[in-house]
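Hi there,

Here is the structure I promised to pass on. Have a look at it first, and then read on for my notes.

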Amino acid sequence: MSHTVPVPHGLLTERDAGPFDPPRQITRLREARPVSPMVFPDGHEGWIVTGYDAVRRLMADTRFSSRQDIGVLHEPYEIPGMPTFTEPSPQQPGLFISMDPPDHTRLRKKLIGAFTVKRMKQLEEHIIDIVERQLDELARLTPPVDLVKEFALPVPSLVICEMLGVPYTDRENFQVNTARFLNTELPFEEKIAAFTELSTYLAALVTRKRAEPGEDILSDLARHDDLTIEELTGVAFLLLLAGHETTANMLGLGTFALLEHPEQLAELRADPDLMPGAVEELLRYLSIADIFFRYAVDDIEFGGETIGKGSTVIVSLLAANRDPERFENPDTLDVRREARGHLSFGHGIHQCLGQQLARIEMRAGFAGLLRRFPTLHLAIPAGEVKLRTNMRIYGVHELPVTWTETAQ
């Protein structure tokens with residue numbers, strides 16, 4: 001492997017270009033070599049893919065596997081949430097995000113009906129009601145308040161709990177344990193303990209639903225006799241984690257970004273019809289779920305390079321979504337941009353199952369927040385906002401905000 005790039009500490013997590021922009025070295029890598037060979041600090045040779053076209057092609061290429069049991073997963077620069085293994089890790093039943101066909105296909109097919117565009121449109125009014133009720137709760141508080149705690153986290157948590165049939169009163173269990181699982185600063189043993197605790201809770205829940213099913217997604221899945229309790233537990237873990245963590249961080253970080261771009265915020269307030277496009281642009285601009293791993297199942301000619309069998313390949317969606325070859329002035333937040341085609345929900349067979357749900361939640365969340373709190377602004381200097389650089393899913397830990405008149 002020639003001209004190999006050593007991987008410095010913090011390569012993908014250090015936000016040295018600002019809270020919303022990719023690390024400078026990632027940008028330089030994309031400009032110089034969108035498919036770059038690299039050497040991890042432990043000596044393992046791998047690759048990093050940063051260009052839009054290359055990332056899109058790779059995520060649709062079945063020669064690159066998602067299975068962690070055939071590759072060696074490394075955490076050389078504290079990639080958030082990714083543990084370090086010195087040998088292939090075992091497959092976790094039900095976690096279809098780390099499976100290939102036919103196992104991936106078998107599990108995902110059972111969920112497609114629950115997340116169709118039609119089904120999501122039917123839920124839209126109810127989701128708007130949930131958002132409005134949470135805004136009512138927010139308006140009763142005396143500012144300053146933490147927008148993450150009082151709005152960004154409760155909204156998707158309420159929605160996904162209702163859809164899955166998870167009691168919202170148990171939210172502390174899954175919110176705390178998913179946060180611990182995704183925290184790169186915790187020892188690996190503590191992350192596994194959090195995973196185990198949440199999995200134990202979910203195993204008991206799906207076991208009850210198999211015995212006495214209700215009207216929810218987990219009950220529908222539990223009716224499938226060909227799914228084991230272990231598989232049901234893995235699916236539940238994945239849906240619950242993805243269903244609240246991603247949207248919560250988009251609502252928090254997205255609000256921060258809009259407050260830091262007052263001219264874009266003013267355009268959105270002046271023309272609410274811009275909101276659907278603005279959500280797509282925020283998804284592109286922020287790319288909170290950035291890093292994905294793939295493993296070469298054979299020697300592969302790709303992007304003018306030869307990627308050896310078994311190689312670990314890191315994919316950066318944030319770098320791809322900021323590629324000037326695909327988006328003009330990509331580092332500019334522009335709510336009027338046609339941002340369709342961004343890769344924030346992934347691409348290929350693993351493209352996010354709940355993307356329509358997330359879009360509805362974000363449209364309702366941002367629209368309601370801007371309408372009800374016309375003078376919303378940060379309660380602390382922007383430089384003091386605590387960024388989630390230690391987490392697998394990027395965002396803000398807290399977003400202290402205030403307003404200067406009674407919310408409408």
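The protein chain has an average pLDDT of 88, and 90% of the residues score at least 70. The stretch to treat with care is residues 73-90, where pLDDT stays under 50. The model does have 65 contacts beyond four places in sequence for that stretch. Where pLDDT is low, though, the predicted coordinates should not be read in detail.

Now to another group of strands. Strand E3 (residues 45-49) has pairings with E2 and with E9. With strand E2 (residues 35-39), E3 pairs in the antiparallel sense over 5 bridges, and Val-39 stands opposite Glu-45 of E3. With strand E9 (residues 312-316), E3 runs parallel, joined by 4 bridges; Val-49 has Val-315 in E9 as its bridge partner. E3 is mostly covered, as 4 of its 5 residues are buried.

E9 also pairs with E6: the two run antiparallel and are joined by 5 bridges. Here Val-315 of E9 turns up again, standing opposite Phe-292. E6 is in turn joined to strand E4 (residues 64-65) by 2 bridges, again running antiparallel, and Ser-65 stands opposite Tyr-295 of E6.

What about the cover over strand E6 (residues 291-296): how many of its residues are buried? The count is 6 of 6. In a regular strand the side chains alternate between the two faces of the sheet. In E6, Ile-291, Phe-293 and Tyr-295 point one way, while Phe-292, Arg-294 and Ala-296 point the other way, and all are buried.

The helices are worth a look as well. In helix H3 (residues 103-112), the buried residues are His-104, Leu-107, Arg-108 and Leu-111. Seen down the axis of H3, these buried residues fall within an arc of 95 degrees, so they line one face of the helix. An α-helix has 3.6 residues a turn, so residues three or four places apart point the same way. The buried residues of H3 pack against H10 and helix H9 (217-222).

Helix H2 (residues 52-59) has Tyr-52, Ala-54, Val-55, Leu-58 and Met-59 as its buried residues. Their arc around the axis is only 165 degrees, which puts them on the same side of H2.

Next, the nonpolar cores. The largest has 88 residues, and Leu-111, Phe-115, Leu-138, Val-166, Ile-217, Leu-286 and Leu-399 have the most contacts inside it. H10 gives the most to this core, with 15 residues. A second, separate core of 21 residues includes Val-55, Phe-64, Phe-302 and Val-315. Returning to Phe-115, the residues it touches beyond four places in sequence include Met-120, Met-163, Ile-217 and Leu-239.

Leu-259 lies in helix H10 (residues 229-259). Why is Leu-259 classed as buried? Its relative accessible area is 14%, and buried means under 20%. The C-alpha atoms of Leu-259 and Leu-378 are separated by 7.3 Å, although the two residues are 119 residues apart along the chain. Beyond four places in sequence, Leu-259 touches Leu-265, Leu-376, His-377, Leu-378 and Val-401.

The other position is Asn-183, in the loop between helix H7 (171-181) and helix H8 (188-211). Asn-183 also counts as buried, at 15% relative accessibility. Its side chain and that of Asn-390 are joined by a polar contact of 3.3 Å. Leaving out residues up to four places away in sequence, Asn-183 touches Lys-191, Asn-390 and Met-391.

Enjoy exploring it!

Best wishes

Definitions and conventions: Residues are numbered from 1 along each chain as its sequence is written. This is a predicted model: local features need pLDDT of at least 70, side-chain atom pairs count only at pLDDT 80 or more; totals for chains, interfaces and linings use all residues. Side-chain values use heavy atoms; hydrogens and water are left out. Buried means under 20% relative accessible area, exposed over 50%, partly exposed in between (1.4 Å probe, protein chains only). A polar contact is a pair of N or O atoms within 3.5 Å; within protein, one must be able to donate a hydrogen and the other to accept it, and residues adjacent in sequence count only if both atoms are side-chain atoms. Contact means heavy atoms within 4.5 Å. pLDDT is the predictor's confidence in each residue, from 0 to 100. The arc is that of the directions from the helix axis to the C-beta atoms. A nonpolar core is a set of buried Ala, Val, Leu, Ile, Met, Phe, Trp, Tyr and Cys residues joined through side-chain atoms within 4.5 Å. Two strands pair if DSSP finds at least two bridges between them.
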